[in-house]
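Morning, everyone. Please have the structure up on your screens.

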Amino acid sequence: MELGLIGLGKMGFNMAERLREGGHKVVGFDFSAETVAKLTAAGSVGVKSLEDLVKNLAAPRAIWIMVPSGDPVDQTIAKLEPLMQKGDTFIDGGNSNYKDSQRRHAALTAKGFNFVDVGTSGGVWGLKEGYSMMIGGDQAPVERLRPIFETLAPAKDKGWGHVGPAGAGHFVKMVHNGIEYGMMQSYAEGFSIMKQKEPLHLDMGQIAQIWRYGSVVRSWLLDLTAEALEKNPNLDGLEAYVSDSGEGRWTVAEAIDLNVSAPVITESLIRRIRSREENNYADRMLSVMRNAFGGHAVKKAE
């Protein structure tokens with residue numbers, strides 16, 4: 001099967017490689033000429049414009065968009081629309097807000113196009129491990145794309161599924177990332193507690209390896225953590241700064257709208273935001289208040 005692919009970052013490039021190895025024709029476009037050349041050298045078709053991308057695909061076309069969420073997705077679709085034909089399919093495989101996906105589906109289907117939203121997980125490991133895909137959209141285009149999903153997934157019948165109508169794929173991926181926030185925060189806090197128990201001389205890497213097998217807290221996330229600790233046991237050279245893609249925020253907002261209590265995901269998001277604050281003002285306020293009512297010592301900045 002043929003697939004157009006826009007956005008050849010590390011994840012997009014690895015997806016192209018997995019598809020090529022699975023026997024599919026991939027036509028890829030990226031604003032980096034070097035990346036396009038690399039794709040061609042790897043055996044796929046790299047092109048220098050969206051016009052060439054569309055020309056190299058037979059109708060009905062399917063084009064997978066892997067660009068940052070928000071306006072970049074809308075701009076990409078707007079540029080592709082005049083080049084494509086009714087019956088062609090737009091696939092958004094990025095981390096878009098599900099409400100944007102519902103809007104895009106309504107606008108594109110009204111013009112005779114198809115739109116499928118694919119929440120994609122797997123990151124840089126997808127080439128080897130396969131990608132987990134949560135798919136939203138109409139049944140017919142999703143079914144036509146089945147060979148693509150079966151190739152990208154860990155197995156033909158595992159790791160992917162059509163979870164619901166337009167927007168459902170990105171909604172489920174949003175919640176998936178919110179859960180991920182909570183899991184990461186829990187691991188981080190647990191290892192931090194053990195690290196601070198200095199008299200026991202605990203080896204974080206050893207403990208991570210022990211937990212990987214037989215433990216109820218074993219996970220792929222723990223596997224990756226163990227590997228990272230093996231390479232850098234003391235996390236030397238790293239700053240305590242954690243970014244977020246936005247999906248944790250959307251998950252918390254959705255929980256509030258639905259009157260669902262989600263304290264762990266919410267707190268893990270707040271912790272990420274707090275990690276970016278140097279000389280945290282709130283903590284300094286706490287120190288001042290403790291000193292005011294209890295005479296507790298205030299630590300001065302050096």
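I'll go through some of the salt bridges, pair by pair. Keep in mind that this is a predicted model.

The overall count comes to begin with. A search of the whole structure gives 16 salt bridges.

Start with Arg104 and Asp74. Their side chains form a salt bridge, 2.9 Å from N to O. Where do the two partners of this pair sit? Arg104 is in helix α5, residues 98-109. Asp74 is in helix α4, residues 71-80. They are 30 residues apart, so the pair links distant parts of the chain.

Is Arg104 buried or exposed? Its relative accessibility is 3%, under the 20% cut-off, so Arg104 counts as buried. Asp74 is at 25%, and that makes it partly exposed.

Next, Asp244. This residue is buried, with a relative accessible area of 18%. Which arginines does Asp244 meet? One is Arg249, in a salt bridge of 3.0 Å, N to O. Another is Arg276, at 2.6 Å, N to O.

Last, the network. Through shared partners, salt bridges join Asp74, Asp92, Asp100, Arg103 and Arg104 into one network. So our opening pair, Arg104 and Asp74, belongs to that network.

That's it from me.

Key. Residues numbered from 1 in each chain as written. Predicted model: local features only at pLDDT ≥ 70, side-chain atom pairs only at ≥ 80, totals over all residues. Heavy atoms only, no water. Salt bridge = Lys/Arg side-chain N within 4 Å of Asp/Glu carboxyl O. Helix = DSSP H or I, 4+ residues; strand = E, 2+ residues; numbered from the N terminus. Buried < 20%, exposed > 50% of the residue type's maximum accessible area, 1.4 Å probe, protein only.
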